[in-house]
Amino acid sequence: MFYQKKFCLGEEVSNILVAPLNWGLGHATRCVPLIHKLQERNFNVILAADGRAWDFFREEFPDMMLIRLPSQKITYPVKGSFMLKMLGALPALYRNIAKEHRFLKRIIKEHNIRAVISDNRYGLWSEDTPSVFIGHQMMVKFPRFLKWFEWPAHKISLKLISRFNECWIPDYQGKINLSGDLSHKYPLPDKYHYIGPLSRFHFCDEDERAGFDADRRGYLLVILSGPEPQRSILERKIFMQLKRTDYRAVVVRGVTEKQGEYQLTENIRVLHHANTDMMKELFMNAEIVICRPGYSSIMDLTAAGKKAVFIPTPGQTEQQYLAQYFYTNKIFYYSSQRSFHLETALERAPDYKGVQVRYNPALLEERIDRLAKMIRDQ
């Protein structure tokens, strides 16, 4: 449904396009609180996505206009370095950036878009329309033999993002932060702004955490996510180990193209997918969470105040760095996928304290105010 009769800051409603990268579900899920904030300001949000991100938005926001973006299929190798594969795919990625940019020009005209918010889609910028880039990876972690390329890659990233009016980083600026080197190692230009973590769960206080149904607590929550084939490889390993135990567990497969659930065993409930309300309830009632150390999962764990076991995607240097970063700081336990042993992980995980930071909503609200001003000044 496309609304045109709202008003924003005393003017007729402004249409804002929000478009995340389709790389697992994390980029789409972390756009949820941003979308709600924009709605609170009476902006009309138009969504654009592809793949599982498109499926997620269709279920999460059924009444919003949803545009299908050109797809860039990203898969992980079964063996070897994902980063090497990405370097080989750079020509195709640059072609897709150009294709996205041409596509954006058309839909800006068709739908009277007044501003664009792109989560990691480098082609969704405009010369004439205020454009914001959301990202937490301002430098790319490379394997040891390619460490020398981290600084040039950082400069390339800055060049690509320079086309946008602003860059919003979903993290805190100080020493207590969630991304470590990824957004804090190198100095950043003035147009880069830290907006605090973005979680589809609003940040819960102790009273709210205590308010969930105590009779349903105490299970293990497993969240599977990310591109194939590694999502399915981990799924098979988790199922095999779970079936050998008596643990109560809920497994969310992260497969948006399927609906419903089934019982793997008497104690193991499997959901193909879970919307935000269901996922929040599952998080809040879980004893511990097993998941990839994707950045959106880290923000969700922070919001829910939960302990976790991380299993980084093989070859994915960002996840491997984040897992080691939190492990070294005694925040979250982690294991490699190859050597993962369920009972060992659950025995050690309680010794890690989890993230303890305060959420500051004013950081995001300030940037939305600034975006509103850019729209008015067009």
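Q: Which residue forms a salt bridge with R52?
A: In this predicted model, R52 pairs with E257, and the closest N and O atoms of the two are 3.0 Å apart.

Q: Which residues are joined with R52 and E257 into one network?
A: Through salt bridges that share partners, R52 and E257 are joined with E228, R231, E235 and R253 into one network.

Q: Switching topic, how many salt bridges does the structure hold?
A: There are 21 salt bridges in the structure.

Q: OK, what about K37, which residue does it meet at 4.0 Å?
A: That is E40, whose side chain meets the side chain of K37 in a salt bridge at 4.0 Å, N to O. The two residues are three apart in helix α2 (residues 31-40), which means that about one helical turn separates them.

Q: Are K37 and E40 buried or exposed?
A: K37 is buried, since its relative accessible area of 17% falls under the 20% cut-off, while E40 is exposed, with a relative accessible area of 56%.

Q: What is the distance between the closest N and O atoms of K37 and E365?
A: The closest N and O atoms of K37 and E365 are 2.8 Å apart, and the two residues form a salt bridge. This pair links distant parts of the chain, with K37 in helix α2 and E365 in helix α14 (residues 362-376), 328 residues apart.

Q: How accessible is E365?
A: E365 counts as partly exposed, at 26% relative accessibility.

Terms used. Residues numbered from 1 in each chain as written. Predicted model: local features only at pLDDT ≥ 70, side-chain atom pairs only at ≥ 80, totals over all residues. Heavy atoms only, no water. Helix = DSSP H or I, 4+ residues; strand = E, 2+ residues; numbered from the N terminus. Buried < 20%, exposed > 50% of the residue type's maximum accessible area, 1.4 Å probe, protein only.
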